[in-house]
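Subject: Structure handover and notes

Hi there,

Here is the structure I promised to pass on. Could you load it in your viewer before reading further, so that you can follow along?

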Amino acid sequence: MVRGGVGATNGITLLQLKYFVEVAVEGSISAAADLSFVAQPTMSAAMKDLETRVGRALFTRSARGVTLTEDGAEFLGYARQVVEQAELLEQRYLGRPRSRRLLAVSAQHYSFVVDAFVRMVNASDAAEYEFTLRETRTWDIIEDVRTLRSELGVLYRNDFNRKVINKLLRESGLTFNPLFLAAPHIFVARTNPLANRERATLADLENLPRLTFDQGANNSFYFAEEILSTLSSKQNIRVSDRATIFNLMIGLGGYTISTGIISDDLDPSITAVPLDVDERIEIGWIGHTSVPLTDQAQGFVAQLRDVVTDFGVELLV
């Protein structure tokens, strides 16, 4: 793929690879040009020259920006490795400071993901960084990772949605990496009469408002963030963010169904109660099949595993 070696005048240059990685992360040639302190025409010409040299289209261009083609996603994996190794050489032998750290994560609304993200940021030793955490809809998580707007995503699957989720991931060139199995719990306010119960049943929930995360245009049962999405409920409220759902638990006595893992530090007014159903929730992270995780992303996954272990949950791998 690389002719003449990185940095050779008749091949791909290291600077082109750095520009390419920046454009892929930003999803915009103009934004990448601004961050790299070069003119947009210069960045655009560098990317067109790169595509000519490798003989493949690496980007799909539109009025909204650029997204990677299938070849581009594969190329990004190699480009990142070369750029990271070059940076390590410069740090080791030229005394250069570590570069600005970058990582974007998309996830369903899990407090343990926020906990892991906080740990990852605190553990970062970079002088400069730009991290993004998007709590968003199931379809958007998959689309974010497919287009590399996010390097990885965190979501669940179970017996009900597994075939649909797996098919969509496969068509998007993504892989599901299991983290743990969770027994379903309800999240309720600590003032809720169910908060002190050892277990709750579906009958206990019949007269309580059911709170779910809105899935927008892709509001299919298979993309619901909560299990048992096909069960009818007398009172339903859809919300778009975790702060709102917690406020409605407190203000209306509502509930939602999730993993049971909740941080008292992040959510002190909410508690988890086991739900008496024969179901399991498989939580995992998704990433590109052909694109290795960066060191920063690997660090985030390690923090995820540590957070889950701290809650006494057994990891699957």
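Below are my notes on what turned up in it.

First, the ground rules. This is a predicted model, so local features need pLDDT of at least 70 and side-chain atom pairs count only at pLDDT 80 or more, while totals for chains, interfaces and linings use all residues. Residues are numbered from 1 along each chain as its sequence is written, and side-chain values use heavy atoms, with hydrogens and water left out.

**The overall picture**

The chain has nine helices and twelve strands; helices (H or I, at least four residues) and strands (E, at least two) are DSSP runs, numbered from the N terminus. Its C-alpha atoms fill a box of roughly 70 × 40 × 35 Å along the principal axes. Of its 317 residues, 48% count as buried, where buried means under 20% relative accessible area, exposed over 50%, and partly exposed in between (1.4 Å probe, protein chains only). Taking contacts (heavy atoms within 4.5 Å) between residues at least 6 apart in sequence, 75% join residues at least 24 apart.

**The cores**

A nonpolar core here is a set of buried Ala, Val, Leu, Ile, Met, Phe, Trp, Tyr and Cys residues joined through side-chain atoms within 4.5 Å. The largest one has 43 residues, and the members that touch the most others are Phe112, Leu152, Val154, Phe180, Ile186 and Phe300. Two or more residues come from each of strand 3 (101–107), helix 5 (111–123), strand 5 (152–157), strand 6 (174–182), strand 7 (185–189), strand 12 (281–288) and helix 9 (295–310). Apart from this core lies another, of 26 residues, including Ala24, Met47, Leu58 and Ala79.

Leaving out residues up to four places away in sequence, Phe180 touches Phe112, Ile261, Ile281, Glu282, Ile283, Val308, Val313, Glu314 and Leu316.

Ser106 sits in strand 3 and is buried, with a relative accessible area of 0%. With residues up to four places away in sequence set aside, Ser106 touches Arg134, Thr136, Ile141, Asp144, Ser150, Leu152, Gly153 and Val154.

His288, in strand 12, is buried as well, at 13% relative accessible area. A polar atom of the His288 side chain lies 3.0 Å from the backbone oxygen of Val145, and one lies 2.9 Å from the backbone oxygen of Arg146. Polar contacts are pairs of N or O atoms within 3.5 Å; within protein, one must be able to donate a hydrogen and the other to accept it, and residues adjacent in sequence count only if both atoms are side-chain atoms. Among the residues that His288 touches are Ala73, Leu148, Ser172, Gly173 and Leu174.

**Helix 8, from end to end**

At the start of helix 8, a side-chain oxygen of Asp241 reaches to within 3.2 Å of the backbone nitrogen of Ala243. Within the helix (residues 242–252), Arg242, Ile245, Phe246 and Met249 are buried. They cover an arc of only 100° around the axis, which puts them on the same side of helix 8; the arc is that of the directions from the helix axis to the C-beta atoms. The face turned away from that buried side carries the exposed residues Asn247 and Gly251. Gly253 follows helix 8 and has a positive phi, near 70°.

Most residues other than glycine have a negative phi. Phe37 is not a glycine, yet has a positive phi of about 60°. Phe37 lies in the loop between helix 2 (29–36) and helix 3 (40–54) and is exposed, with a relative accessible area of 79%. Leu228 also has a positive phi of about 60° without being a glycine, and its place is in the loop between strand 8 (210–213) and strand 9 (236–239).

**A helix pair**

How do helix 1 and helix 3 pack? Helix 1 (residues 14–26) and helix 3 meet at an angle of about 110°, with their axes 10 Å apart. Axes are lines fitted to C-alpha atoms, for helices over the stretch in contact, and angles run from 0 to 180 degrees between N-to-C directions. Helix 1 and helix 3 are therefore roughly perpendicular to each other, a label for angles of 65 to 115 degrees (under 35 is roughly parallel, over 145 roughly antiparallel, the rest oblique). Gln16, Tyr19, Phe20 and Val23 in helix 1 meet Met43, Ala46, Met47, Asp49, Leu50 and Arg53 in helix 3.

Best wishes
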